[in-house]
Amino acid sequence: MRARDLVVPFPTVELDSPVADAARLMAERELPGLIVLDERGSPVSILPGTQVLRLAVPRYCQDDPALARVIDEAHADAFVRALGERTVRQAMPERPRELPVTDPDATLLEVAALMARTRNPLVAVLDGGRLLGAVTLSALLKRLA
């Protein structure tokens, strides 16, 4: 089995898209992340939902779970709304990571190794520079189980 056998069309966002829109898209479609495209439409990164949370949740709550425990739901919602006009570019990690991209002929083990190495739940599949979609962790695990 190859990546082409598991690839599905997958939503994308651009670097200058509002991160709140990206978060909403992930929530509505129950996605673990999104493929981020540059101005030319080429994948530049995967935006995992956890990275959006890192931007939305105050650092002091990330560093001290006891502080997070005392904040009520109404105030927690305010943190997500505080994403405001921030962009996907601003949500990206400071240091770029290896881009989880493969070709349609990659084996499932190659895709699994790429996911594990990059710690990403998605692998973008490109054919001659054209984005075909993504292989998701859940689809991969179903085949490997």
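Author: What follows starts with the whole protein and then turns to that sheet and its surroundings.

This is a predicted model, in which local features need pLDDT of at least 70, side-chain atom pairs count only at pLDDT 80 or more, and totals for chains, interfaces and linings use all residues. Residues are numbered from 1 along each chain as its sequence is written, and side-chain values use heavy atoms, with hydrogens and water left out.

The protein has 9 helices and 6 strands. Helices (H or I, at least four residues) and strands (E, at least two) are DSSP runs, numbered from the N terminus. Of the 145 residues, 39% are buried. Buried means under 20% relative accessible area, exposed means over 50%, and partly exposed lies in between (1.4 Å probe, protein chains only). Among contacts with a separation of 6 or more, 54% join residues 24 or more positions apart. A contact means heavy atoms within 4.5 Å.

Now the sheet. It is open, has 3 strands in the order β1-β2-β3, and its pairing is mixed. Two strands pair if DSSP finds at least two bridges between them. β1 (12-14) and β3 are the edge strands, and each pairs on one side only. From one strand to the next, the twist averages 35°. β1 and β2 pair in the parallel sense, over 3 bridges.

α2 lies across β1, β2 and β3, at about 140° to β2. Axes are lines fitted to C-alpha atoms, for helices over the stretch in contact, and angles run from 0 to 180 degrees between N-to-C directions.

Next, the core. The largest nonpolar core has 21 residues. Such a core is a set of buried Ala, Val, Leu, Ile, Met, Phe, Trp, Tyr and Cys residues joined through side-chain atoms within 4.5 Å. Elements that each supply at least two of its residues include α2 (19-29), β2 (33-37) and β3 (43-48). In soluble globular proteins, nonpolar side chains tend to be buried together.

Take Leu 34. Leave aside its neighbours within four places in sequence. Leu 34 then contacts Phe 10, Pro 11, Val 13, Ala 22, Leu 25, Met 26, Ser 45, Ile 46, Leu 47 and Leu 122.

Between α2 and β2 there is a loop, and Glu 30 sits in it. Glu 30 has a phi near 50°, a positive value in a residue other than glycine. Its relative accessibility is 72%, so Glu 30 counts as exposed.

Now the charged pairs. Side chains of opposite charge can pair when their charged atoms come close. The whole structure holds 6 salt bridges. A salt bridge here is a side-chain nitrogen of Lys or Arg within 4 Å of a carboxyl oxygen of Asp or Glu.

One lies within α2. There the side chains of Asp 21 and Arg 24 meet at 2.6 Å, N to O. The two are 3 residues apart in helix α2, so about one helical turn separates them. Asp 21 is partly exposed at 39% relative accessibility. Arg 24 is also partly exposed, at 44%.

Another salt bridge joins Asp 16 and Arg 89, at 3.1 Å, N to O. It links distant parts of the chain: Asp 16 is in the loop between β1 and α2, Arg 89 is in helix α7, and they are 73 residues apart. Arg 89 is partly exposed, with a relative accessible area of 39%.

Arg 89 has a further partner. Its side chain meets that of Glu 39 in a salt bridge of 3.5 Å, N to O. This pair also links distant parts of the chain, with Glu 39 in the loop between β2 and β3, 50 residues from Arg 89. Glu 39 is exposed, at 62% relative accessibility. Through shared partners, salt bridges join Asp 16, Glu 39 and Arg 89 into one network.
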